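Look at the sequence and the model below.

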Amino acid sequence: MSQALYGPDGFFVAGAGPAGHFRTSVHASPAFAAALLRLVAEVDSALGHPSRLDVVDVGAGRGELLLALHRLLASEDAVGLAVGVSGEPTHSGRSGLIPAWAGSPETLTPTTAVRQSPGERSSITARSLAERVRFTAVELAPRPDDLPEEIHWTAEIPGEITGVLLATEWLDNVPLDVALHTTGGWRYVLVEPESGVETIGGPVDPADLDWLTTWWPGPASPRGADRAVTGGSTSTDATGGSESGLRAARPAQGSILTARSRPGCPETPQRDQPNPHSNRAEIGRPRDEAWAHAVGRISRGLAVAVDYGHLRDGRPVDGTLTGYRGGRQVPPVPDGSSDVTAHVAMDSVASAGAAVARCAYSLVSQAEALRALGADGGRPPLSLAGTDPVGYVRALAAASAVAELTDPAGLGGHWWLRQPVGIADVVQSSPTSSERR
């Protein structure tokens with residue numbers, strides 16, 4: 001998986017990049033970047049407006065998210081819309097994006113903000129952030145030629161971050177191993193890279209076994225897995241599975257996808273569905289370590305991971321490993337020609353990050369996170385159509401875009417993991433007790 005994704009000719013290193021094969025929230029709508037800009041402004045306020053505010057995007061693709069944020073900061077009108085100071089406070093559906101409110105964190109001097117016009121507050125915020133923000137893209141692919149020089153490009157997460165670290169659909173592509181539960185215990189699943197044919201390997205090592213024991217409950221009764229161990233290995237043909245839980249590759253679904261996590265597709269797990277009889281598991285320990293390392297690079301600020309995933313009590317039946325290429329779900333053959341991805345054990349990752357930060361995390365859906373940032377997808381008031389028809393159409397389009405991002409049956413079902421470091425969580429979204437630690 002590592003070689004297929006990040007080798008010299010790997011999927012994320014060579015070619016057009018992920019945007020040419022599937023769509024994420026970053027690609028779906030500028031409203032996503034607008035909401036994140038408000039989050040950046042709120043972290044900036046919590047940090048006391050430092051002389052340099054870092055915004056680091058891990059797994060940056062071709063820099064699309066940072067480019068969108070850079071453009072928002074370059075436009076005072078866009079900044080006003082993004083951070084909620086483009087007009088008088090109204091129903092949040094006016095823009096479908098983010099409403100203004102008095103004393104909001106993006107107002108640099110809250111005690112005097114009420115005496116300033118919205119346009120004046122927007123200009124102050126735009127100048128302040130634009131002058132102090134340092135954008136850094138972390139990606140193994142070569143730097144795109146057309147990326148503004150204000151966006152720095154590196155293959156390693158920088159240290160001493162003061163600001164925001166963003167990881168949008170990064171953890172799902174951190175390489176991991178797959179294990180099969182047999183009567184003799186957990187064993188690694190081996191794969192032939194060119195064909196995707198699977199065989200049984202040796203017992204998992206102690207570190208992976210400890211992770212599985214803690215985070216991935218074993219099946220109540222292995223489904224004939226003991227028979228698969230006889231002779232040391234087994235395999236299946238390219239069209240079906242076996243009682244052992246092995247397969248050549250997860251069958252392609254044949255439907256064009258606009259996002260890797262569109263509900264209703266087999267790759268999307270149900271959060272409340274237990275898996276007492278599953279005999280495959282995706283060992284998330286490398287992702288825990290990757291997230292812990294990322295959090296550890298922050299001096300003060302907030303780390304945010306946006307991804308599709310699951311919790312311990314609802315691990316997906318038979319795992320989620322799959323592939324994507326050219327807008328379609330395909331078998332997860334690790335030959336470098338397609339994306340190979342698996343959903344994230346979000347609670348395990350969150351626990352690893354919290355241990356490093358020594359601070360509570362919050363874990364909510366994207367719908368809840370964006371609404372807490374003011375993006376509710378509400379329709380603009382009909383009266384606007386009479387006074388500003390063009391503005392009404394634009395606002396309606398913006399509301400529609402936000403509705404897609406917050407649809408709990410779609411992109412809104414993604415998890416947002418927020419890990420503060422040295423500050424309080426800047427977004428109050430009232431997660432349930434099981435989602436905050």
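The second largest cavity has a volume of about 30 Å³. A cavity is a set of points on a 1 Å grid over the protein atoms alone where a 1.4 Å probe fits but cannot get out; points are joined across faces, edges and corners, and the volume is the space filled by probe spheres set on them. This is a predicted model, in which local features need pLDDT of at least 70, side-chain atom pairs count only at pLDDT 80 or more, and totals for chains, interfaces and linings use all residues. Residues are numbered from 1 along each chain as its sequence is written, and side-chain values use heavy atoms, without hydrogens and water.

The lining (residues with an atom within 4 Å of a point) consists of L37, V40, V55, L69, L73, V133 and F135. Two or more of these residues come from each of α3 (30-46), α4 (64-74) and β2 (133-138). Helices (H or I, at least four residues) and strands (E, at least two) are DSSP runs, numbered from the N terminus.

Strand β2 belongs to an open sheet of seven strands with mixed pairing, in the order β3-β2-β1-β4-β9-β16-β15. Two strands pair if DSSP finds at least two bridges between them. Because β3 (151-154) and β15 (362-365) are at the edges with a single partner strand each, one side of each has no neighbour in the sheet.

Within the sheet, β1 (residues 53-58) and β2 are parallel, with six bridges. D54 has R134 in β2 as its bridge partner. Helix α4 packs on the sheet and touches β1, β2, β3 and β4 (161-168), where contact means heavy atoms within 4.5 Å.

How values were computed:
1 Å grid on protein atoms, 1.4 Å probe; cavity = no way out; pocket = protein on both sides within 12 Å on 5 of 7 lines; lining within 4 Å. Axes fitted to C-alpha atoms, helices over the stretch in contact; angles between N-to-C directions.
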